[in-house]
Amino acid sequence: MTFLYFLELFGTFVFAISGILTATDKKFDVVGALIIGIVTSIGGGTLRDILIGSTPVSWMLDANFLYIIFIAILVCFFFSKYFKHWRK
């Protein structure tokens, strides 16, 4: 595992948490928060890959991205009160 791969996974984790916290601030239900977390975490990379013509997109080739997103979702739901003060 290279350093850039680790950074990409870490970025996916952080953006998933950011999306879920935004969804919970807007009073979304659980399904809505999950969708916003997934779209936030992989949306930018998907758009980048499509624009440069790299298909299939990177998260479809590596299941670790989806595992990281679901771990971030669980972490965020169990420890969301610790993440709330970082946003302010």
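I began with the side chain of S41, where a polar atom lies 3.0 Å from the backbone oxygen of I38, and I then found that the side chain of S41 also reaches the backbone oxygen of G37 at 3.0 Å. For a polar contact I took a pair of N or O atoms within 3.5 Å, of which, within protein, one must be able to donate a hydrogen and the other to accept it, while residues adjacent in sequence count only if both atoms are side-chain atoms.

Before going further I noted that this is a predicted model, in which local features need pLDDT of at least 70 and side-chain atom pairs count only at pLDDT 80 or more, whereas totals for chains, interfaces and linings use all residues. I also noted that residues are numbered from 1 along each chain as its sequence is written, and that side-chain values use heavy atoms, with hydrogens and water left out.

Is S41 buried or exposed? S41 counts as buried because its relative accessibility is 10%, where buried means under 20% relative accessible area, exposed over 50% and partly exposed in between, with a 1.4 Å probe and protein chains only. I placed S41 in helix α2, residues 30-52; helices (H or I, at least four residues) are DSSP runs, numbered from the N terminus. Leaving aside residues up to four places away in sequence, S41 touches T12, F15, A16 and I69, a contact being heavy atoms within 4.5 Å.

Next I looked at how the helices pack. I found α1 and α2 at an angle of about 140 degrees with their axes 7 Å apart, the axes being lines fitted to C-alpha atoms over the stretch in contact, and the angles running from 0 to 180 degrees between N-to-C directions. That makes α1 oblique to α2, since angles under 35 degrees count as roughly parallel, over 145 as roughly antiparallel, 65 to 115 as roughly perpendicular and the rest as oblique. On the α2 side of this contact I listed A33, I36, G37, T40, S41 and R48, which meet residues of α1 including E8, T12 and F15.

S41 turned up again where α2 meets α4, in a set with V30, A33, L34, I38 and I42 that faces I69, F70, I73 and F77. The axes of α2 and α4 come within 10 Å and cross at roughly 130 degrees, and these two helices are therefore oblique to each other.

I then looked up the largest nonpolar core, which has 10 residues in all, among them A16, I42, I69, A72 and F83; such a core is a set of buried Ala, Val, Leu, Ile, Met, Phe, Trp, Tyr and Cys residues joined through side-chain atoms within 4.5 Å. The elements that give two or more residues to this core are α1 (3-25) and α4 (64-78).

Last, I turned to the loops. P56 lies in the loop between α2 and α3 (58-61), is partly exposed at a relative accessible area of 45%, and is joined to T55 by a cis peptide bond with omega of about -5 degrees. K27, in the loop between α1 and α2, has a positive phi near 65 degrees although this residue is not glycine, and K27 is exposed, with a relative accessible area of 71%.
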